[in-house]
There are 2 protein chains.
Amino acid sequence: MRNRLKDVAERAGVSVKTVSNVVNGYAHVRPETRARVEEALAELNYRPNLSARSLRSGRTGVIALAVPELDIPYFAELARHVVDAAATHDWTVLIDQTGGVPERERVVADGVRGQLIDGLIFSPLALTGAELARRADPRPMVLLGERDDHGPLDHVAVDNVAAAREITTHLIASGRRRIAAIGAQRATSGASASMRLTGYKQALAAEGIRFDPRRVASAANWHRADGATAMARLLESGVRPDAVFCFNDTLALGAMRALHEHGLRVPDDVAVAGFDDIEDGRFSVPTLTTVVPDKAEIARLAVELLAKRLATGSDGAPAELTAGYRVDLRESA
Amino acid sequence: MRNRLKDVAERAGVSVKTVSNVVNGYAHVRPETRARVEEALAELNYRPNLSARSLRSGRTGVIALAVPELDIPYFAELARHVVDAAATHDWTVLIDQTGGVPERERVVADGVRGQLIDGLIFSPLALTGAELARRADPRPMVLLGERDDHGPLDHVAVDNVAAAREITTHLIASGRRRIAAIGAQRATSGASASMRLTGYKQALAAEGIRFDPRRVASAANWHRADGATAMARLLESGVRPDAVFCFNDTLALGAMRALHEHGLRVPDDVAVAGFDDIEDGRFSVPTLTTVVPDKAEIARLAVELLAKRLATGSDGAPAELTAGYRVDLRESA
DNA sequence: CTGAAAGCGCTTACAG
DNA sequence: CTGAAAGCGCTTACAG
């Protein structure tokens, strides 16, 4: 059974143009004509061929979201919000996982998708702002996540320095002095790590606590296993923290696990704070004190930025939008 | 800057056909010609227009994965494996979230995507096998998740009854007798719940333990919050379980939280077992004993089934493939 | 308010 | 080994 516009037109006894008008909701179609067309549309179960439509119109109605990994809860939750926000524009979201691997990030930035997508929302880990700026793909791209080197690119972020400072200040205010940090990374892996480290240092300085680099544990990745390893390393190195600020929640959950294995209680012996507000942290034992970025707002702003570029043909100065956050005090600190 | 096949052809001084041959890797192009074309391709930064290509070929190279929610860790982990498996076929994956809402599931099954996708991998919750079988979309679809009523449809599943029986038997073998179950659902929400309940009952019967319906708590959804609520309800109802089999890991994590809030220790007072092997359960305190379905195999089998349909033009009897699982004994039971 | 026709960029028989 | 040309299904000026 064929069911092209042409077949519908023949069945309804009108021209292809008229069927197209009805399908696309244009006004100025006589009610009787419209009814006949709609009947034919239903009878043939007509579905527009999106390839043909986009070949003609230059738009596919598909945007891509590229994140390091979908099974990192933060990105899964973010993806869900992006899908929801995109739905308000009738856009479909195609999800790319880069693994944070430079080569795969480059491929994403350079538009491997060919003309499959209208635009890209990208959370890069490895690529620098300069590399991103000289991408070969002309389609609009919105960056997610904090960067210190963003070139002339739209981007949406949360004030990571302020948030990290605020939650560290809370640890200090609750009487902790030997505060460790987990999650430091070499500068190229996005800037979240360095900004959260900066906020941590600022809080210490403001309260007159000397920064001790031995209390900072790096983590190449931010999975639970990395948090557990880093915490164990810290404990076994002789540093005796009474609190630890983990740069994300999965690190924190891993750190809590390691503390448990070392016979230490949270928060009695060591207070633990995270960043991201993933669902796990609301049900862990103990529940996790964390920074709650407004993920829905991040997604909404990113999608709207893309919509604006798509509407204006990519003109205009790059936008730098900031989404809100709050610190949620729970049981762990 | 235009960069169609035609522009490349003009620059290289050959016909469009020859450029197409080079782009698509067909043999029989003279080396000098190939070199000239490749140079022109690079100079113009040529990207094929996927809309045009698929309008012509009838294939888009995109498959869809439809799951209830991406921020349910099991589905996020599964999605990651599907994306990986699809990559081996050079396919891109577009992800749909249905929320388990009947109307949205119907829209997915009936192929709203128009001709955007070549096939669909679908994990339905609300739709019955009969409803799925009479879908309006001719493109191949592979079902994920256990069903008792699968019509003539390809599907990939894990033996849920056996797995549930096995983990419940472990609880009994470790000396528990008052074993509760959390996660029962009315039949329409997929069949995972009813199959896991069946396996649970079979294990009790095999060991001569009377089934007590008061020990079964239902959960409309399977999030952590639902597990916590169900566990609390069970504890407050006067049932005094010494173990609980939760129908998935997020329920189990929520249940452990509720047990903690009621001052009960896991596993000393109450043993807890889950299903799914999400990453959280490997780092929770205590770590979670669970059924480990082979998610990579599920994804691989589903993608291969789709590939086969796509290759044979959808002919052939429906396939019913079973992926493996194992029970992983950890600290909670 | 409706129709006939061009053209989006590609692939693919068909010739040569 | 290479070229000229048709056609995939749609949208959109252009006529009427």
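Analyst: Start with a rule for helices. The expected span of a helix is 1.5 Å times one less than its number of residues. The model here is predicted.

User: How do you know that the length of α9 of chain B agrees with that rule?

Analyst: Helix α9 of chain B covers residues 192-206, which is 15 residues. At 1.5 Å a residue these should span 21 Å, and the end C-alpha atoms are 21 Å apart, so the two values agree.

User: Which residues of α9(B) are called buried, and what makes a residue buried?

Analyst: The cut-off is 20 or more other C-beta atoms within 10 Å of the residue's own. In α9(B), B:Ser192, B:Ala193, B:Met195, B:Arg196, B:Leu197, B:Gly199, B:Tyr200, B:Ala203 and B:Leu204 are buried, so each of them meets that cut-off.

User: What do the buried residues of α9(B) pack against?

Analyst: They pack against α8 (160-173), β6 (179-184), β8 (243-246) and β9 (271-275), which belong to chain B. After α9(B) comes B:Gly208, with a positive phi near 70°.

User: What makes a residue count as near a strand of DNA, and which are closest to DNA strand D?

Analyst: The C-beta atom must lie within 6 Å of the strand. Around DNA strand D there are 25 residues, the closest being A:Arg4, A:Leu5, A:Ala52, B:Ser15 and B:Thr33. α2 (16-23) and α4 (50-57) of chain A, with α2 (16-23) and α4 (50-57) of chain B, each supply at least two residues of this surface. α4(A) gives the largest share, five residues.

User: Which residues are closest to DNA strand C, and which helix gives the most to the surface near it?

Analyst: DNA strand C is surrounded by 25 residues, and A:Ser15, A:Thr33, B:Arg4, B:Leu5 and B:Ala52 are the closest. α4(B) gives the most to the surface, five residues. By class, that surface has 10 nonpolar, eight polar and seven charged residues.

User: What makes two residues of chains A and B count as in contact, and how many residues of chain B are in contact with chain A?

Analyst: Their C-beta atoms must lie within 7 Å. In chain B, 41 residues are in contact with 41 residues of chain A. On the chain B side, α4, α5 (73-87), β2 (92-97), α10 (224-236) and α11 (249-261) each supply at least two residues. The largest share, six residues, comes from α5(B). That side divides into 19 nonpolar, 13 polar and nine charged residues.

Note on methods. Residues are numbered from 1 along each chain as its sequence is written. Chains are lettered from A and ligands numbered from 1 in the order in which they are written. This is a predicted model: local features need pLDDT of at least 70, side-chain atom pairs count only at pLDDT 80 or more; totals for chains, interfaces and linings use all residues. Helices (H or I, at least four residues) and strands (E, at least two) are DSSP runs, numbered from the N terminus. Ala, Val, Leu, Ile, Met, Phe, Trp, Tyr, Cys and Pro count as nonpolar, Asp, Glu, Lys and Arg as charged, and the others, Gly among them, as polar. A residue is buried if 20 or more other C-beta atoms lie within 10 Å of its own, exposed if 12 or fewer, and partly exposed in between; C-beta atoms are placed from the backbone.
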